Amino acid sequence: MKVVSVINYKGGVGKTTLTANIGAGLAAMGKKVLLIDLDPQASLTFSFFTQDEWLDDLSAKRTIKQWYDTAGDGRAAIKLAELITTPPRVNSLVAGTGGWLDLIASHLDLINTEAILTSAVDPKTGQVPASRYMQVHRRLADGLTDKAFAEYDVVLVDCAPNFNLVTKSAIVASEHLLIPTKPDHLSTRGIDFLGWKVHELVQEYNVHLDETRRRSKAVPRLARPNPAVVFTMVQYYNGDPLGTLGTYISRVRALGVPTFNTMIRDRKAVFAAAPEYGVPAILAANHDTSAELRQLVDEFLTWTGRTPES
Ligand SMILES: Nc1ncnc2c1ncn2[C@@H]1O[C@H](COP(=O)(O)OP(=O)(O)OP(=O)(O)O)[C@@H](O)[C@H]1O
Ligand SMILES: [Mg+2]
């Protein structure tokens with residue numbers, strides 16, 4: 001099982017679109033895929049379920065909100081695996097391949113769970129006890145060790161455009177970080193920032209780990225997840241990225257972060273409508289965008305086959 005977070009502090013860069021399409025593309029190739037929606041906007045959830053399905057079947061008991069809400073507060077613990085759902089329409093299209101696509105849904109009220117940590121601050125020291133820090137940061141990583149998840153080839157985690165505790169718990173659980181990016185000034189600056197924040201998190205985590213390790217050596221040190229940038233919404237002119245876009249693409253490559261060769265072109269008409277039908281664009285026949293997305297999925301498989309950098 002490979003855990004990949006799809007992440008970028010910048011909003012609207014195509015994180016959810018790529019999570020849905022890569023997930024569906026992998027399932028169509030026979031892979032067993034789990035998507036986890038960690039964004040309170042719940043766009044990934046609503047890419048596969050209708051509002052009515054969510055309200056009737058999921059919202060009250062089967063979303064990631066209920067699971068984060070009960071993080072060590074004494075309430076009856078929900079197992080992460082109990083939240084797994086199987087979206088019907090996309091699975092009817094991949095049936096027969098041996099693969100399938102499951103989803104853990106999000107909730108519009110998924111709060112910033114930073115409050116869980118704040119409430120754990122020791123009034124005498126002003127610090128969060130290391131054991132509590134580890135517990136909340138490892139919540140997703142520990143949840144995914146349940147044997148119910150062993151059957152998945154890939155777990156893709158769609159993160160919200162922020163760096164709060166829920167997002168940090170996704171990074172802690174991930175071997176790989178897929179970073180969708182638009183080739184423009186603000187988006188490319190965000191990559192540097194993200195790299196720095198991930199570096200800070202890994203250091204902070206390992207300091208807390210060392211404190212708790214005096215008691216137990218069961219948890220390994222955290223290595224920096226393996227990042228890669230994929231350019232999205234790229235506009236072309238005569239076969240090349242339009243105008244200054246090429247400059248931003250070169251600038252990101254110069255940062256030394258690996259980048260996917262496949263870039264996803266700007267196709268509003270294709271991507272805007274897909275979520276309404278519960279089937280990502282990659283499974284819709286007759287447009288060149290689905291071929292481009294399949295190429296991205298091939299590259300994704302090669303990328304995740306590599307061992308993470310430390
Ligand atoms: N290649 C593309 N070409 C044109 N439009 C796209 C493309 N990819 C995504 N979009 C559209 O851009 C918008 C934002 O995409 P998406 O929701 O995937 O981004 P996001 O990074 O997940 O956003 P957020 O940060 O809010 O979670 C959506 O309306 C989507 O349909
Ligand atoms: Mg999103």
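Which helices each supply at least two residues of the lining of the largest pocket? I opened the notebook with that. The model is a predicted one. I found H1 and H12, each giving at least two residues to that lining.

**Entry 1: the pocket**

I looked up the space first. The largest pocket holds about 550 Å³. I then listed its lining, which has 30 residues. Closest to the pocket centre are Gly 14, Thr 16, Thr 17, Met 233 and Phe 271. I checked which element gives the most to this lining, and H1 does, with six residues. I sorted the lining by residue class: 14 are nonpolar, 10 polar and six charged.

**Entry 2: what sits there**

I asked next where ligand 1 is placed. Ligand 1 sits in the largest pocket. I counted 18 residues around ligand 1. Those that come nearest are Lys 15, Thr 16, Thr 17, Arg 265 and Arg 267. I looked for the helices behind this shell. Helix H1, residues 15-28, supplies at least two of the shell residues, and helix H12, residues 268-277, also supplies at least two. I sorted the shell too: six nonpolar, six polar and six charged.

**Entry 3: contacts of ligand 1**

I went through the polar contacts one by one. Thr 16 places a polar side-chain atom 2.8 Å from an oxygen atom of ligand 1. Gln 41 also uses a polar side-chain atom, at 3.0 Å from an oxygen atom of the ligand. Arg 265 uses its backbone instead: an N or O atom there lies 2.9 Å from a nitrogen atom of ligand 1. I then took the ligand alone, and it exposes 630 Å². The protein buries 80% of that area.

Notes. Residues are numbered from 1 along each chain as its sequence is written. Chains are lettered from A and ligands numbered from 1 in the order in which they are written. This is a predicted model: local features need pLDDT of at least 70, side-chain atom pairs count only at pLDDT 80 or more; totals for chains, interfaces and linings use all residues. Side-chain values use heavy atoms; hydrogens and water are left out. A residue is near a molecule or strand if one of its heavy atoms lies within 4 Å of it. A polar contact is a pair of N or O atoms within 3.5 Å; within protein, one must be able to donate a hydrogen and the other to accept it, and residues adjacent in sequence count only if both atoms are side-chain atoms. Accessible areas come from the Shrake-Rupley method with a 1.4 Å probe; for residues, only the protein chains shown count as cover. On a 1 Å grid over the protein atoms alone, a cavity is a set of points where a 1.4 Å probe fits but cannot get out, and a pocket is an open set with protein on both sides within 12 Å along at least five of seven lines; lining residues have an atom within 4 Å of a point. A molecule sits in a cavity or pocket if more than half of its atoms lie within 2 Å of its grid points. Helices (H or I, at least four residues) and strands (E, at least two) are DSSP runs, numbered from the N terminus. Ala, Val, Leu, Ile, Met, Phe, Trp, Tyr, Cys and Pro count as nonpolar, Asp, Glu, Lys and Arg as charged, and the others, Gly among them, as polar. Grid points are joined across faces, edges and corners, and a volume is the space filled by probe spheres set on the points.
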